[in-house]
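Me: I am new to reading protein structures, and I would like to learn what the words really stand for. Could we go through one together?

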Amino acid sequence: MIQCWRCLIGRYDASKLAKTEMTIVASVNGKRAAEFTIAVGASESEIVDAARTAAGAKLSGVEIIKTIVVPNKLVNFVVKK
């Protein structure tokens with residue numbers, strides 16, 4: 001019985017471990033504004049567009065000076081009022 005149990009330890013299904021979505025934080029001037037989920041293979045422009053949509057209320061009426069993207073983690077908008 002113990003021998004069979006040890007045989008099963010190393011077996012797993014890699015397809016069940018693969019992520020299809022990731023959670024990214026959108027921040028404005030370094031302060032957390034929103035959190036959103038996007039597909040793993042999304043391009044940088046798609047991620048920035050989704051971050052703009054998620055942080056829409058905080059970005060209204062301000063000028064975006066710079067957009068900083070940390071891959072797979074966050075998007076920060078540096079704004080000027």
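Me: What percentage of the 81 residues in the protein chain is buried, and what makes a residue count as buried?

Reply: Buried residues make up 22% of the 81 residues in the chain. A residue is called buried when its relative accessible area is under 20%, exposed when it is over 50%, and partly exposed in between (1.4 Å probe, protein chains only). Before we go on, please keep in mind that this is a predicted model: local features need pLDDT of at least 70, side-chain atom pairs count only at pLDDT 80 or more, and totals for chains, interfaces and linings use all residues. Residues are numbered from 1 along each chain as its sequence is written, and side-chain values use heavy atoms, with hydrogens and water left out.

Me: How many helices and strands does the protein chain have, and what makes a run count as one?

Reply: The chain has 4 helices and 4 strands. Both are DSSP runs numbered from the N terminus: a helix is H or I with at least four residues, a strand is E with at least two. Along the sequence they follow the pattern α-α-β-β-α-α-β-β.

Me: How do you know that E1 and E2 pair, and in which sense?

Reply: Two strands pair if DSSP finds at least two bridges between them. E1 and E2 have 8 bridges, so they meet that rule, and their sense is antiparallel. Thr23 stands opposite Thr37 in E2. The two strands form a hairpin with 2 residues between them, and Asn29 in the turn has a positive phi of about 55°.

Me: What about E1 and E4: over how many bridges do they pair?

Reply: Strand E1 (residues 21-28) and strand E4 (residues 74-80) pair over 4 bridges, in the parallel sense. Here Ala26 stands opposite Val75 in E4.

Me: Which strands are called edge strands, and why?

Reply: The 4 strands form an open sheet in the order E2-E1-E4-E3, with mixed pairing. The edge strands are E2 (31-39) and E3 (63-70), as each pairs on one side only. From one strand to the next, the twist averages 20°. Helix H3 (residues 44-54) packs on this sheet, touching E1, E2, E3 and E4, and its direction makes about 130° with that of E2. For such angles, axes are lines fitted to C-alpha atoms, for helices over the stretch in contact, and angles run from 0 to 180 degrees between N-to-C directions.

Me: What makes Ile38 be "in contact" with another residue, and which ones are they?

Reply: Contact means heavy atoms within 4.5 Å. Leaving aside neighbours within four places in sequence, Ile38 is in contact with Thr20, Glu21, Met22, Ile24, Glu46, Ile47 and Ala50. Ile38 is also among the residues with the most contacts inside the largest nonpolar core, which has 16 residues. A nonpolar core is a set of buried Ala, Val, Leu, Ile, Met, Phe, Trp, Tyr and Cys residues joined through side-chain atoms within 4.5 Å. E1, E2, H3 and E4 each supply at least two residues of this core, and E1 gives the most, with 4 residues.

Me: Why is the pair Arg32 and Glu35 called a salt bridge?

Reply: A salt bridge is a side-chain nitrogen of Lys or Arg within 4 Å of a carboxyl oxygen of Asp or Glu. The closest N and O atoms of Arg32 and Glu35 are 2.1 Å apart, so this pair qualifies. Side chains of opposite charge can pair when their charged atoms come close.

Me: And what makes Asp49 and Arg52 a salt bridge?

Reply: Their closest N and O atoms are 3.9 Å apart, so the pair falls within the 4 Å limit. Asp49 and Arg52 are 3 residues apart in helix H3, which means about one helical turn separates them. A search of the whole structure finds 2 salt bridges.

Me: Is Arg32 buried or exposed, and how do you know?

Reply: Arg32 has 57% relative accessibility, so Arg32 counts as exposed. Glu35, at 48%, counts as partly exposed.
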